[in-house]
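User: I would like to learn how to read a structure feature by feature. Please give me the general idea each time, then the case at hand.

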Amino acid sequence: MYRVATVLATAALAVCIGRAAPGEGKSGLDDGGFITTWLLLAPIPLQENQSGAEALGIEHIKCEAKLQPRAGDKVKVGDKDLVWKQYKAKNHFFDFNDFLEKQTEDSVGYAVCYIHADAPLKDIQLKTGSDDQAKVYLNGKEVLKQDQARALEKDQDTTMVSLNKGVNVLVFKVINEKIDWSGCARFTNKDGQVIKNLKITTTPK
């Protein structure tokens, strides 16, 4: 009896050790399917007296739709040298102010991640939210342009998209006019059920 109990206890311990904490799965998604693993680059200041909506139409990094950075890559924007850095979201959204460890206004930031799918996924939904304006590219194509100043909410925007088998690249550009500066994204099927069998990384491999 003692031997059986010991075996069961050992097995239970192994399960506990191998299990990720709630919301911290190795897939790069939280329990709600929101992407938590990102590469961030910020801040890029807006021009003087420029609105967020006006800034949205400007390409702040050359070929921004086709960005494929890696952690540590450097980008020169104006007279500033910025570095792509890994960021693990503490909630369902990435937070540029948390990333920069200070509140930063009138600025542009980029978030990028690599989405790995085991099979093609056609006609699914990309659900995003942002504070404030945002532009989203998937595999080099613009899939969303949101030009309103607003507070972040889950699933504010829904875009029909498809994922390729293998690696897909999501580029999320967010502009902050004042105070909070954040964005969130997750994928669902056409019925709104969260797609969780994806792996999110900060490298293409």
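User: Is Phe99 buried or exposed?

Analyst: Start with the cut-offs: buried means under 20% relative accessible area, exposed means over 50%, and partly exposed is in between (1.4 Å probe, protein chains only). Phe99 has 16% relative accessibility, so Phe99 counts as buried. Tyr87 is buried as well, with a relative accessible area of 9%. A word on the source: this is a predicted model, where local features need pLDDT of at least 70, side-chain atom pairs count only at pLDDT 80 or more, and totals for chains, interfaces and linings use all residues. Residues are numbered from 1 along each chain as its sequence is written, and side-chain values use heavy atoms, with hydrogens and water left out.

User: How do I read a pair of aromatic rings?

Analyst: Two values describe such a pair: the distance of the centres and the angle of the planes. Rings of Phe, Tyr and Trp (its six-membered ring) pair if their centres lie within 6.5 Å; planes under 30 degrees apart count as stacked, over 60 as edge-to-face, and the rest as tilted. By this rule there are six aromatic pairs here. In one of them, the ring centres of Tyr87 and Phe99 are 6.1 Å apart and the planes stand at 90°, so this pair is edge-to-face.

User: Where in the chain do Tyr87 and Phe99 lie?

Analyst: Helices (H or I, at least four residues) and strands (E, at least two) are DSSP runs, numbered from the N terminus. Tyr87 sits in strand 4 (residues 85–88) and Phe99 in helix 3 (residues 96–100). They are 12 residues apart, and the pair links distant parts of the chain.

User: What about the rings of Phe94 and Phe172?

Analyst: Their centres are 5.3 Å apart and their planes at 85°, so this pair is edge-to-face. Phe94 belongs to strand 5 (residues 94–95) and Phe172 to strand 11 (residues 166–176), 78 residues apart. Both Phe94 and Phe172 are buried. They also belong to one aromatic cluster, formed by Trp38, Phe94, Phe96, Phe172 and Trp181.

User: How many salt bridges does a search of the whole structure find?

Analyst: The rule asks for a side-chain nitrogen of Lys or Arg within 4 Å of a carboxyl oxygen of Asp or Glu. The search finds seven. Among them is Lys90 with Asp98, the closest N and O atoms being 3.0 Å apart. Lys90 is exposed at 62% relative accessibility, while Asp98 is partly exposed at 25%. Asp81 and Lys76 form another, at 3.6 Å, N to O. Asp81 is exposed at 57%, and Lys76 is exposed at 57%.

User: Which parts of the chain does the pair of Lys178 and Asp106 tie together?

Analyst: The closest N and O atoms of this salt bridge are 2.9 Å apart. Lys178 lies in the loop between strand 11 and strand 12 (182–188), Asp106 in the loop between helix 3 and strand 6 (107–117), so the pair ties together parts 72 residues apart in sequence. Lys178 is partly exposed at 46%, and Asp106 is partly exposed at 31%.

User: What does Phe187 touch?

Analyst: Contact means heavy atoms within 4.5 Å. Not counting residues up to four places away in sequence, Phe187 touches residues including Gly33, Ile35, Ile115, Leu126, Val161 and Leu198. Phe187 is in strand 12 and buried at 2% relative accessibility. Phe187 and Ile35 are 152 residues apart in sequence, yet 8.9 Å apart in space, C-alpha to C-alpha.
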